[in-house]
Amino acid sequence: MRAAVLHKTGQETLDVREDVTAVGFGPGTVRVRMRAASLCHSDLSAMSGVLPQPAPFVPGHEGAGDVVEVGEGVTGLAAGDRVVLCWMAPCGRCDHCRRDRGHLCIASLRGLGAPGFRIAEGELNASGFYGTGAFAEEVVVAANAVIKVPADLPYEAAALIGCGVTTGIGAAVNTARVEPGASVAVIGAGGVGVATVQGARVCGAGRITVVDPVASRRERALAFGATEAIAPEDLKAAAKKLPGGGFDYVFEAVGRAATVRAGYEAARRGGAVVVIGAGAQDDLAQFTMGELFFNEKRLLPSLYGGATVTRTIGLVVDLWRAGRIDLDGMVTHRVGLADVNEAIAQMRSGEALRTVVTMD
């Protein structure tokens, strides 16, 4: 079968091969025929080494497809079910899972680098990014690494909710719990940022300001519910004009210490800075003890939507059915698996909001 492989961390392009086999099928696993996968910036971060993922590996974690076969002991799934991949699979047994905080379960991360694919040439093993590997025609994953979705949810839309949309909407709804009429700033107008805009709109935010250095991305965000879109150098002035001298909520969807700091300065006293972006472990955001105490601004990290993923995905599907969020419009480009490197170039340039890679 075909799959796109990164052979060495730091390489900027993927090797699309036809001699790859998905391996590891057995008890507690499922085989999934992938239909669509969307490119998320986290894939690029794993390729560059910002996010830990041993190479060689098959990137892609926002993916949707159909169950082909279920292993012994798997319940609740059957051949033909439409599913999305879950890149932080909950074990169901740890303290986080027992507290209904399964999105914080790190059991699956202990298997980073475990073989998920076999490359015939050289008889090499490759892993799937965070236990998935959506840029392949077929994957074998743990049963708890897939979430069943309605059969009428299009594959492209289903792929989006595997990560970026769930992350952004969940940050607004679950983590921040934005109140009706609140003022919101979203730093970063990529896929996660635009999903956050939609989440804030669903919550009834009165003002949603998008901050991005790319004019075309700012303009695009207005179509998803942003009330204004500004360049980063205008954020400080925009914040000062608001009652209280800042935004009620600032969402950082970039993953850099500098933008977290800018978000903190743009929040009002008593406001909140919600950190969504996946950044490097050595990128340190600095705050003084005095300002943390005196300003009482809350720092709220939000991982994978800030709640059990199945529940957040269910909410996203309900919002989509009700016409309250736009998933189709978030797909700005489409390529086949053979052209996955074109999708990477589109994301790096800022041209694409989300590029969907189709497997057919």
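Which residue just after α11 takes a positive phi? Gly-350 does, at about 85°. Keep in mind that everything in these close-ups comes from a predicted model.

**View 1. The buried face of helix α11.** Helix α11 covers residues 340-349, and its buried residues are Val-340, Ala-343, Ile-344, Gln-346 and Met-347. Look down the axis of α11 and these buried residues fall within an arc of 160°, so they line one face of the helix. Here's a handy bit of background: an α-helix has 3.6 residues a turn, so residues three or four places apart point the same way.

**View 2. What the buried residues of α11 pack against.** Their partners include three strands, β1 (3-5), β2 (15-17) and β18 (333-336). Strand β19 (355-358) and helix α1 (41-48) are partners as well.

**View 3. Helix α1 meets helix α11.** The two helices pack at an angle of about 100°, with their axes 10 Å apart. That makes α1 roughly perpendicular to α11. From α1, the contact takes in His-41, Leu-44 and Met-47, while α11 brings Ile-344, Met-347 and Arg-348. Sort the residues of this contact by type and you get 4 nonpolar, 1 polar and 1 charged.

**View 4. Thr-312 in helix α10.** Now for another helix: Thr-312 sits in α10, which runs over residues 309-321. Is Thr-312 buried or exposed? Its relative accessible area is 2%, and buried means under 20%, so Thr-312 is buried. Leaving aside neighbours within four places in sequence, Thr-312 touches Thr-166, Gly-170 and Asn-174, along with Gly-305 and Ala-307.

Methods. Residues are numbered from 1 along each chain as its sequence is written. This is a predicted model: local features need pLDDT of at least 70, side-chain atom pairs count only at pLDDT 80 or more; totals for chains, interfaces and linings use all residues. Side-chain values use heavy atoms; hydrogens and water are left out. Buried means under 20% relative accessible area, exposed over 50%, partly exposed in between (1.4 Å probe, protein chains only). Helices (H or I, at least four residues) and strands (E, at least two) are DSSP runs, numbered from the N terminus. The arc is that of the directions from the helix axis to the C-beta atoms. Contact means heavy atoms within 4.5 Å. Axes are lines fitted to C-alpha atoms, for helices over the stretch in contact, and angles run from 0 to 180 degrees between N-to-C directions. Angles under 35 degrees count as roughly parallel, over 145 as roughly antiparallel, 65 to 115 as roughly perpendicular and the rest as oblique. Ala, Val, Leu, Ile, Met, Phe, Trp, Tyr, Cys and Pro count as nonpolar, Asp, Glu, Lys and Arg as charged, and the others, Gly among them, as polar.
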